[in-house]
Amino acid sequence: MDPSTTVIAGKSSLRNLLSVNDLGADGLHEMMRITDFFAEVSARPIPKVPVLRGKTIACAFFENSTRTRLSFEAAAKRLSADTMSFGVSGSSISKGESFKDTIMTIDSLGADAIVVRHPSAGAANQVARWVSKPVVNAGDGSHEHPTQALLDCYTIREALKEKSLSGLRIAVVGDLSHSRVARSNVLAMSAMGAVVTLVAPRTLWPASLDGWPVHEITCDLDPILAHTDLVYLLRLQVERGAGGLLPSLREYTATYGLTARRAAMMPKGALVMHPGPVNRGVEMSSEVAEMPTTLVGHQVANGVLVRMAVLYYLLAGPEGVDAMDVSRDASVLSDAESASLVALDG
Ligand code: NCD
């Protein structure tokens, strides 16, 4: 088979994206490759392709979100799918409707795929048991946030101009005990070859390191900075109780906040990332937030591209990916695409 048209190795039946482990190393690399294609699409004058026309993507957000929700909606629209959006406020949840009944209502309204965010760990897995459509986990409590990990790995790959993260020394710093971003990213970064060190005050360590493929865990940030190529800062999950596990926010910032002084201890060109929303002055200073090596804006932009790849893969299936000619010059549209784009434009 032509290498440009291979499908996710051994994952041809991938139905849902609930965890980074659903993909494995081959699947992660393949998803990066599909994202490259949608990056080319997104650079076109009309950054839209008709591949999911007639499909409806439901975004069921039972917890607040800015970038994840907007980027799933933007991704669906760039693929020409219709969207249905659900947010807790303004919904019948306030009239006592259950989580299951709400999901079944969204299902009955004709969603072809459901993107779920929920404050409880395991909520997306539960939805996947209730409905027969593809389900994407957009963050479930402190458990996982697989598309965040995909967009982060894609952003690193783009910044390094490398296809793998082999040997990259990454420090993931902050609220390890509550952050779903930490768990998904550690799984993805390690699977792509990075050497990950976890850094946090003892009270914010995970209960166990089982299932965390890391090099080491430490309370001390400063001594490792000189040997770190990328610092990935986590937001303090105050709404999940992180505040109660720290003497004070000020003390946390004094020891773990990335300031210009700490950033200067890192090797030249070292990268800084954060999933957002950033608490400036807590996890990083405004000065660090504005550094050219701080990739927060790139992470957000790439969120749309990886979510296009995920939605396309789940809805078009391996045959769809197989049929997608990723080797061609994306500025040259196929006849069918050109016709559809003219129709969309008119
Ligand atoms: C994260 C989330 O909600 O899990 N944000 C995001 O999706 N970009 C990180 C966070 O809120 O800490």
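The model is predicted: local features need pLDDT of at least 70, side-chain atom pairs count only at pLDDT 80 or more, and totals for chains, interfaces and linings use all residues. Residues are numbered from 1 along each chain as its sequence is written.

**Chain overview**

The protein chain holds 11 helices and 9 strands; helices (H or I, at least four residues) and strands (E, at least two) are DSSP runs, numbered from the N terminus. Of its 346 residues, 41% are buried. A residue counts as buried if 20 or more other C-beta atoms lie within 10 Å of its own, as exposed if 12 or fewer do, and as partly exposed in between, with C-beta atoms placed from the backbone. Among contacts with a separation of 6 or more, 73% link residues 24 or more positions apart. Two residues are in contact if their C-beta atoms, placed from the backbone, lie within 7 Å.

**The four-stranded sheet**

An open sheet of 4 strands runs in the order β2-β1-β3-β4 with parallel pairing; two strands pair if DSSP finds at least two bridges between them. Its edge strands, β2 (82-87) and β4 (135-140), each pair on one side only. From one strand to the next, the twist averages 10°. Helix α3 (residues 99-108) lies across β1, β2 and β3 (113-118), at about 165° to β1. Axes are lines fitted to C-alpha atoms, for helices over the stretch in contact, and angles run from 0 to 180 degrees between N-to-C directions.

Threonine 56 belongs to strand β1. Threonine 56 counts as partly exposed because it has 18 C-beta neighbours inside 10 Å. Beyond residues up to four places away in sequence, threonine 56 touches Ala81, Asp82, Met84, Gly110, Ala111 and Asp112. Threonine 56 and aspartate 112 are 56 residues apart in sequence, yet their C-alpha atoms are 5.3 Å apart.

**The five-stranded sheet**

A second open sheet has 5 strands in the order β7-β6-β5-β8-β9, with parallel pairing. β7 (216-218) and β9 (271-273) are at the edges with a single partner strand each, so one side of each has no neighbour in the sheet. The twist averages 20° from one strand to the next. Helix α6 packs on this sheet, touching β5, β6 and β8 (230-233), and its direction makes about 175° with that of β5. In strand β5 (residues 169-173), 4 of the 5 residues are buried, so the strand is largely enclosed by the rest of the structure.

| Strand pair | Bridges | Residue pair |
|---|---|---|
| β1 and β2 | 6 bridges | alanine 58 and methionine 84 |
| β5 and β6 | 5 bridges | valine 173 and valine 199 |
| β6 and β7 | 3 bridges | leucine 198 and isoleucine 217 |

**The ligand shell**

Arg67, Thr68, Gly139, His145, Gln148, Arg180, Val181, Arg235, Gln237, Pro275 and Gly276 surround the ligand. The shell divides into 2 nonpolar, 6 polar and 3 charged residues. Here Ala, Val, Leu, Ile, Met, Phe, Trp, Tyr, Cys and Pro count as nonpolar, Asp, Glu, Lys and Arg as charged, and the others, Gly among them, as polar. A residue is near a molecule if its C-beta atom, placed from the backbone, lies within 6 Å of it. Helices α2 (67-78) and α6 (180-191) each supply at least two shell residues. Domain 1 (3-145 + 300-345) and domain 2 (146-297) each contribute at least three, with domain bounds taken from an automatic or database domain assignment.
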